[in-house]
There are 2 protein chains.
Amino acid sequence: MQLVNRLQVPARTIMTPGPVEVDPRVLQTMSSSILGQFDPSFTSLMNETMNQLRQVLQTKNHWAYPVDGTSRAGIEAMLCSVIEEEDKVLIPSFGRFGGLLTEIAERCGAEVYLMSCEWGSVFDPEDVIKELKKVQPKVLAMVHGDTSTGRMQPLQEIGYACRELDVLLIVDAVATVAGTEVKTDDWKIDGLITGTQKCLSVPAGMAPLTYNNRIEKILLERKSIEKGLISPSLTLSGSERRIRSNYLDLSQLQDYWSPARLNHHTEATTMLYGLYEGLRIILEEGLEVRYARHRLNERALVAGIEAMGLSLFGDHQFKLPTVTCVNIPDGVDGDSVRMMLLDEFGIEIASSFGPLHGKIWRIGTMGYSCQQRNVLLTLAALEAVLLRHKVKVNTGEGVQAALDIYQNTSVTV
Amino acid sequence: MQLVNRLQVPARTIMTPGPVEVDPRVLQTMSSSILGQFDPSFTSLMNETMNQLRQVLQTKNHWAYPVDGTSRAGIEAMLCSVIEEEDKVLIPSFGRFGGLLTEIAERCGAEVYLMSCEWGSVFDPEDVIKELKKVQPKVLAMVHGDTSTGRMQPLQEIGYACRELDVLLIVDAVATVAGTEVKTDDWKIDGLITGTQKCLSVPAGMAPLTYNNRIEKILLERKSIEKGLISPSLTLSGSERRIRSNYLDLSQLQDYWSPARLNHHTEATTMLYGLYEGLRIILEEGLEVRYARHRLNERALVAGIEAMGLSLFGDHQFKLPTVTCVNIPDGVDGDSVRMMLLDEFGIEIASSFGPLHGKIWRIGTMGYSCQQRNVLLTLAALEAVLLRHKVKVNTGEGVQAALDIYQNTSVTV
């Protein structure tokens, strides 16, 4: 038997698109002792978490709760609970996570209609609406902010069109909720999923989601009660339209999150403590103030990157405010730069996926990581590392440009 | 905007079949700051967790890692990754969690052959083997310890027969791993799943599992690479035999847990810290010593319950050592007793499901909750609450009988 050492976590500044740093208040709360899943102290915590989630997700929906899994568990829960064999699903994809929606919808048995655009741009809503009318899908599934390309898709026009055409709009808002405006109800989003490890600044492992009664109607039609929870003498419906997953079956999950508390899984106690405290911090800060903080740090970072002499990737008009994509200068080994940032400075930035791997760096400004100190230190360290990689930069100017922004701006809502 | 109070967790002694109390060392470790998912400090933590898991699961399998979700996420990951449309699956079910296996296998598209026995008993291995030969399934899926009835199924004979007949044996060992002997390799188990919130004594939210190369072979045949991770120019295989879930696709998860680190989800950082420390505590204690501790506390609890004048539910020969099921005396409101235990003493015990609800109480002795102090206090409190419910008990005798066990036994391995 080999015994291993106790965990030793080195100090890190995490400037990736997630997982990001977590407010120590969240970690302290997570060190509270365990409560049983049916303990009234715990079930009221579940209810209060739902209340807070509704506020952060800007919705009046009754259903707003986390799925116990990372973000894509929430996305799959939403899609597999709604999509039935051969349902038409339209997916306008502008990056890796549109690809993920496609992959999941296909595995759910959907007939997927894929729209693509070049990575680095987004869709003209008119083009999506045109396709919507042509395809007449049951569901339009779309990413709000795709971290792989650092772009954000305007959704309001598309949302209105979906409602008018009686199409369900399901949105992956993992990269945007609590970092920039996401108006679930105002934008007519029927189902929305987010994750804990980005702008919510809670450790990875939960996927909060919300949906309205248009989606709930489908869930109730497809619902069955789990074998073993009912007396064996009762007949099980075993509907033809049964949801393919048990773990990710929202019709059963909502019973667990309702006063019936019909047992499904065992809620992830400590993660829920963390989510509760993370949401509390967000609401204390205030959504508008929080969005403004994210904008300010983004502005400072962008100013610093450009002053240094680097260029940004993608269509600036649709830049995702929580991720900044930087073109890797010709001839530079992007991974070597990232490695040196981590090894020498304890600062982490990200690469990207698929066609963009080796082409761009991605710097996140999300949640608790999104603070002046982190932005300034990242710029200073990046300059030093680029110099070591023999890249010509405008020495000293990056940090100065960012400081200018901070010193000349008061955070305004 | 309504602001809510900070989390306040009341003191609890948790004597249910999970979630159970957690060693403060685990919670302290979980309050460590976040590491990025590709940070070498984090990926080596992933590797060391795999190493420790192999030891706790008593296997030489290469693949041993957690799924980021509660126990049933692990069960569904295993079943949906192995089972294909119309595969024959034999499920001998002796409680609620056999029902869960059935439910999940059906949703995977399996042709399920269900064997049932009365709740409170288990199967004669010979009967299972007879059915195995008749049905010739691809998979035999079975629960090791079913907490709903408090029974444990002997597996070794069945395991040998499965290997001989070339049937895959998949075992839900959620209630037994780290509390009583589970020999993955020696019993010829091909795939085994456990959960964190029972005898591992880590908060709920992860499902460690292991599987051998017989299962890996199927995974590799069904594997596909996620859209968005490969260049769009490459063809996607989109195999006919594609696994229905993305989140629970073990063929993709094992790439994430391999040196390739092909991105799938974002690993649940803080939960992994907890699992690492929880496994470390188990291996420090030593598996044999730990099993002996569980046996001792079970003996004391059983002695106390019987001395008090209560009777145990089910076939004693196949009692699950980590859960003790007590018949609720006639005319007593079982839920009222549980409520009073919680409200007045801060002690939680469980009811059961389906046909056993209102018939039995279930008292867990699992992991960190499984300690002398907890057993003695639970017996004392239960006596007091039963007296308040006008139940005739042998006053004072329960605790004395348990104390006798503790004072006359040295923990032997």
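Contact here means heavy atoms within 4.5 Å. Keep that in mind for these exercises on a predicted model.

**Exercise 1.** Work out how many residues of chain A are in contact with chain B, and how much area is buried between them.

*Solution.* Start with the contacts: 87 residues of chain A touch 86 residues of chain B. Next, the area buried between the two chains comes to about 7,500 Å², with carbon and sulfur atoms giving 59% of that. On the chain A side, A:L7, A:I34 and A:R107 lose the most area to chain B, together 10% of what that side buries.

**Exercise 2.** Decide what kind of axis relates chain A to chain B.

*Solution.* Turn chain A by 180 degrees with a shift of 0.0 Å along the axis, and it lies on chain B with an RMSD of 0.0 Å. That's how a two-fold axis relates things. In chain A, the C-alpha nearest the axis belongs to A:G69, 2.4 Å away from it. Finally, 99% of the interface residues of chain A are also interface residues in chain B, so the copies meet through the same surface.

Notes: Residues are numbered from 1 along each chain as its sequence is written. Chains are lettered from A and ligands numbered from 1 in the order in which they are written. This is a predicted model: local features need pLDDT of at least 70, side-chain atom pairs count only at pLDDT 80 or more; totals for chains, interfaces and linings use all residues. Side-chain values use heavy atoms; hydrogens and water are left out. Copies are superposed by least squares on the C-alpha atoms of residues with pLDDT of at least 70 in both. Buried area is the accessible area (1.4 Å probe) that two parts lose on being put together, summed over both.
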